[in-house]
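Trainee: I'm new to this one. Could you walk me through it, a question at a time?

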Amino acid sequence: MHSVQQPYGFLSYGRTPAVPETDRSTDDPLSRFHAKLTEDLMELTDLDAKVPAVYLDQRIPLGSTWEEELKERLSRCQVFVPLLSRRLFTSEWCALEWECFQRRQQLQRGRGTFIRNAVVPVLWSPLRSGDIPAPYSEVQYTHQDLDPKYLELGLRGLQISGNHGTFRKVVYQLALKIVDVAVSSRLEPCDPGEFDDLFDAMNDTVGEER
């Protein structure tokens, strides 16, 4: 499969607060998912290993350098992959990432070249349909062709409940969907400066810490 552009995807997720009483990272399941998705995308495409197949930012956002990197990734990624969870829904930074990507898609609509919505939501934690607010609820997330356990537990639940075989299968199927969307949507890059006003508004209201 010929690559469209790099990176293929951008993972948007609600950061889990650190637990002081333990040394274990609360985002271990996230790191495992990212590694498996990256591995599958590398197998399904001709992406260069020097460039991450899927962008995942796990740093605390501080300063203009971080912001410029985030704008650059959002302006060039081919598919936006929000990890649906209650943490995502309450994160102002995740809302900003979504708004940036939607603006980029709207720019392409304005040029008359928009083909397909390039958002592939992933069910991260167990949720009922009524728990998912707009705008996330407006995009198909259930993927009925995937294992029922995925719809019941989410990807994080599959990992921590020991359903590792199902987890690997579902991640591969999601990788196939991401590749299909990337190739069929052909979303064009935009100038990262298109997002400047959105970031400025965010910094005016919440500062530089997620």
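Trainee: How many aromatic pairs does a search of the whole structure find?

Mentor: Keep in mind that this is a predicted model. Rings count as a pair if their centres lie within 6.5 Å. Searching the whole structure on that basis gives 9 aromatic pairs.

Trainee: Take Trp66 and Trp93: are their planes stacked or edge-to-face?

Mentor: Their rings sit 5.0 Å apart, centre to centre, with 85° between the planes. Planes over 60 degrees apart count as edge-to-face. The pair joins distant parts of the chain, helix α2 and helix α4, 27 residues apart, and both Trp66 and Trp93 are buried. So, by that cut-off, the arrangement is edge-to-face.

Trainee: And which strand does Trp98 reach through its pair with Phe80?

Mentor: Phe80 and Trp98 are another edge-to-face pair, 6.0 Å centre to centre and 75° between the planes. Each of the two is buried. Trp98 belongs to helix α4, while Phe80, 18 residues away, belongs to strand β3.

Trainee: At what angle does α4 run to β3?

Mentor: α4 covers residues 92-110 and reaches 27 Å from its first C-alpha to its last. That helix lies across β1 and β3. Its direction relative to β3 is about 150°.

Trainee: Which strands are at the edges of the open sheet?

Mentor: The sheet has 4 strands with parallel pairing, in the order β2-β1-β3-β4. β3 pairs with β4 over 2 bridges, and Leu83 stands opposite Val122 there. An edge strand pairs on one side only, and that describes β2 and β4.

Conventions:
Residues are numbered from 1 along each chain as its sequence is written. This is a predicted model: local features need pLDDT of at least 70, side-chain atom pairs count only at pLDDT 80 or more; totals for chains, interfaces and linings use all residues. Side-chain values use heavy atoms; hydrogens and water are left out. The expected span of a helix is 1.5 Å times one less than its number of residues. Two strands pair if DSSP finds at least two bridges between them. Contact means heavy atoms within 4.5 Å. Axes are lines fitted to C-alpha atoms, for helices over the stretch in contact, and angles run from 0 to 180 degrees between N-to-C directions. Rings of Phe, Tyr and Trp (its six-membered ring) pair if their centres lie within 6.5 Å; planes under 30 degrees apart count as stacked, over 60 as edge-to-face and the rest as tilted. Buried means under 20% relative accessible area, exposed over 50%, partly exposed in between (1.4 Å probe, protein chains only).
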